[in-house]
Amino acid sequence: EMDMGQRPEEVVAERFIQEMNASTLDVDAVVSLARYGLPELGSVWDLEARRAEVHALRSQLWGVLLGVLPAEATRREGARAEWKVVHERAVIALCKEAEHDPWELFD
């Protein structure tokens, strides 16, 4: 239900946050919201904290959709930490092979 004072983008953004913070992510519900432009949700609010929250949740959604993160919220943070370690090790290994320091990749 839409609050008459809210823009449609704000309603979609609030629903997105609700769905992403559920104990188990309902991928179908979030995918149905994507029709309304999830990539643009970061620009909905003037408050930086809300943009940051939407950005972090959008990142988690991609992880779930790609099968890297579990749909269950309680398992998601542990899985993110594991993948971060895997990623760091892969970057270090590739840098050794290419004879570069990791920070040189981002210059």
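**Close-up 1. Glu 19 and the residues it touches.** Glu 19 touches Leu 25, Asp 26, Ala 29, Val 30 and Leu 33, not counting residues up to four places away in sequence; contact means heavy atoms within 4.5 Å. This is a predicted model: local features need pLDDT of at least 70, side-chain atom pairs pLDDT 80 or more, while totals for chains, interfaces and linings use all residues. Residues are numbered from 1 along each chain as its sequence is written, and side-chain values use heavy atoms, with hydrogens and water left out. Glu 19 lies in helix H1. Helices are DSSP runs of H or I, at least four residues, numbered from the N terminus. Glu 19 counts as buried because its relative accessibility is 14% (buried means under 20% relative accessible area, 1.4 Å probe, protein chains only).

**Close-up 2. Helix H1 packed with helix H2.** H1 spans residues 8-20 and H2 residues 27-34. They pack at an angle of about 160 degrees, with their axes 10 Å apart. Axes are lines fitted to C-alpha atoms over the stretch in contact, and angles run from 0 to 180 degrees between N-to-C directions. That angle makes H1 roughly antiparallel to H2 (over 145 degrees).

**Close-up 3. Residues between H1 and H2.** From H1 come Val 12, Arg 15, Phe 16, Glu 19 and Met 20. They meet Ala 29, Val 30 and Leu 33 in H2. By class, this contact has six nonpolar, no polar and two charged residues. Ala, Val, Leu, Ile, Met, Phe, Trp, Tyr, Cys and Pro count as nonpolar, Asp, Glu, Lys and Arg as charged, and the others, Gly among them, as polar.

**Close-up 4. Gln 60 in helix H3.** Gln 60 lies in H3, residues 48-65. At 15% relative accessibility, Gln 60 is also classed as buried. Gln 60 touches Met 20, Leu 69, Arg 76 and Arg 80, not counting residues up to four places away in sequence.

Conventions
Helices (H or I, at least four residues) and strands (E, at least two) are DSSP runs, numbered from the N terminus. Angles under 35 degrees count as roughly parallel, over 145 as roughly antiparallel, 65 to 115 as roughly perpendicular and the rest as oblique. Buried means under 20% relative accessible area, exposed over 50%, partly exposed in between (1.4 Å probe, protein chains only).
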